[in-house]
Amino acid sequence: MFLFGDKSESMTFIPLFFLAFLLQFCSSLSLFHHHPLDPLTPTELNQIKLIVDKSSIGSLPNLTYHFVDLEEPEKIDVLSWLSSKKTNKNAQFRRAKVVVRAGGETRELVVDLASGSIESNRVYTGHGYPPFTFNEFVKASRLPFQYPKFMKSIVNRGLNMSEISCVPLTVGWYGEKVTKRTLRITCYYRGGSVNVYARPIEGISLFIDVDSMRITNYIDRFRVPVPKAEGTDFRSNKKIDPVTCNNATEKGFEIEGNNVKWGNWKFHVGFNARAGTVISTASIFDARMKKYRQVLYRGHVSETFVPYMDPESEWYFRTFMDIGEFGFGRSASTLQPLIDCPANAEYMDGYVAGADGQAMKMEKVICIFQRDAGDIAWRHAEINNPGTVIRSGQPEKTLVVRMIATVGNYDYVLDWEFKQFGTIKIGV
């Protein structure tokens with residue numbers, strides 16, 4: 001038996017078998033899901049780390065988690081689950097797809113959360129590498145500050161090392177055989193400005209071998225003046241007026257877990273490290289047919305390609321795949337009430353796996369709100385009735401699901417806007 005309670009209080013004895021039952025019950029609660037496409041929970045993410053770490057993979061050197069997401073069940077199984085008439089039904093399809101690097105190899109895993117085992121373990125031998133981790137970006141950005149050639153170049157430009165920010169960038173691919181995970185670092189001079197990207201230090205490039213985390217090549221090709229700091233501060237000095245920022249006075253929707261109901265719509269909102277917001281199983285109620293009609297099974301932004309198309313040595317490689325290389329989910333910003341979202345918004349947190357596999361909470365990465373922008377849903381005036389003009393109509397209200405991803409110098413505002421008459425409008 002275990003004994004709980006302070007000496008001054010009455011003692012409570014809990015038998016061991018009851019404690020075991022309690023732990024099992026709590027574990028089953030943590031696995032309850034309102035929808036088979038629910039994102040992985042913090043408990044599940046940590047469970048996945050434990051399963052992998054305890055396997056033979058855990059003994060390999062330099063184990064790093066690059067991607068962890070739900071291994072989605074088949075569409076037919078999801079739709080069958082949704083159409084089931086059972087009450088208190090639980091989504092039992094819980095597997096995860098995991099990409100790790102260990103011992104210099106990339107491995108693709110499928111982890112079964114119910115059995116606590118690795119179902120599939122495959123060494124990836126194809127082209128390319130998994131996305132870099134945030135830890136790798138941070139470590140690479142610090143390397144120039146201990147590199148003598150770089151420090152000399154900064155001194156020769158008359159700049160202060162303490163005002164330098166260095167940013168690691170992906171290097172693109174041009175058909176060549178790639179054998180190393182490489183980053184290219186460019187640096188910027190703050191020096192009186194918080195708008196870092198406005199003041200590039202042109203001419204300097206550093207190449208990083210990420211696996212060994214060392215500088216393999218250094219180039220100082222030319223020297224030009226750094227752009228001036230004046231006029232680069234982007235911060236607003238206007239006070240936020242909550243009255244003018246609130247474009248609706250009512251909430252108008254319901255959230256249960258990741259399921260959203262609004263008017264005649266019902267849909268599922270998910271979140272993952274790569275795509276960020278994922279909208280699934282969106283249906284609208286057809287009053288004439290007296291049933292829900294499926295509109296969208298699954299939707300998300302697939303990729304954002306950013307080619308700068310400047311042939312200069314310092315710029316040609318900037319052909320970024322912002323989602324595949326950096327991840328909109330991993331780059332999701334914490335949303336600012338009354339700036340990013342109105343006063344009637346509700347917020348959702350997101351969870352991703354860190355480089356060590358541990359669950360990381362990302363606060364307020366999605367907001368949902370009803371919007372009344374002053375638009376007209378429909379209207380008509382009939383002038384052919386004797387002695388009267390009949391006017392009628394309806395103001396348009398919409399429901400917005402918003403996320404903002406900040407990738408480098410870009411803030412992507414992503415809106416999924418649901419309209420009352422069956423339209424989904426996507427805005428970027």
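Which exposed residues are carried by the face of H5 turned away from its buried side? In this predicted model, that face holds Pro148, Lys149, Lys152 and Val155.

**Helix H5**
- Helix H5 spans residues 148-156, and Phe150, Ser153 and Ile154 are buried in it.
- These three residues lie on the same side of H5, because they cover an arc of only 100° around the axis.
- An α-helix has 3.6 residues a turn, so residues three or four places apart point the same way.

**Nonpolar cores**
- The largest nonpolar core comprises 57 residues, and Phe150, Phe267, Val269, Ile366, Ile368, Val401 and Phe418 have the most contacts inside it.
- This core lies between domain 2 (134-220) and domain 3 (253-427), because both give residues to it.
- Leaving aside residues up to four places away in sequence, Ile366 touches several residues, including Val269, Phe271, Leu335, Tyr347, Met348 and Val401.
- A second, separate core has 15 residues, among them Leu45, Ile51, Val68 and Val100.

**His35**
- His35 sits in the loop between helix H1 (16-30) and helix H2 (42-54).
- With a relative accessible area of 1%, His35 counts as buried, because the cut-off for that term is under 20%.
- The side chain of His35 makes a polar contact with the side chain of Thr281 at 3.1 Å.
- A polar atom of the His35 side chain also lies 3.0 Å from the backbone nitrogen of Leu37.

How values were computed: Residues are numbered from 1 along each chain as its sequence is written. This is a predicted model: local features need pLDDT of at least 70, side-chain atom pairs count only at pLDDT 80 or more; totals for chains, interfaces and linings use all residues. Side-chain values use heavy atoms; hydrogens and water are left out. Helices (H or I, at least four residues) and strands (E, at least two) are DSSP runs, numbered from the N terminus. Buried means under 20% relative accessible area, exposed over 50%, partly exposed in between (1.4 Å probe, protein chains only). A polar contact is a pair of N or O atoms within 3.5 Å; within protein, one must be able to donate a hydrogen and the other to accept it, and residues adjacent in sequence count only if both atoms are side-chain atoms. A nonpolar core is a set of buried Ala, Val, Leu, Ile, Met, Phe, Trp, Tyr and Cys residues joined through side-chain atoms within 4.5 Å. Domain bounds come from an automatic or database domain assignment. Contact means heavy atoms within 4.5 Å. The arc is that of the directions from the helix axis to the C-beta atoms.
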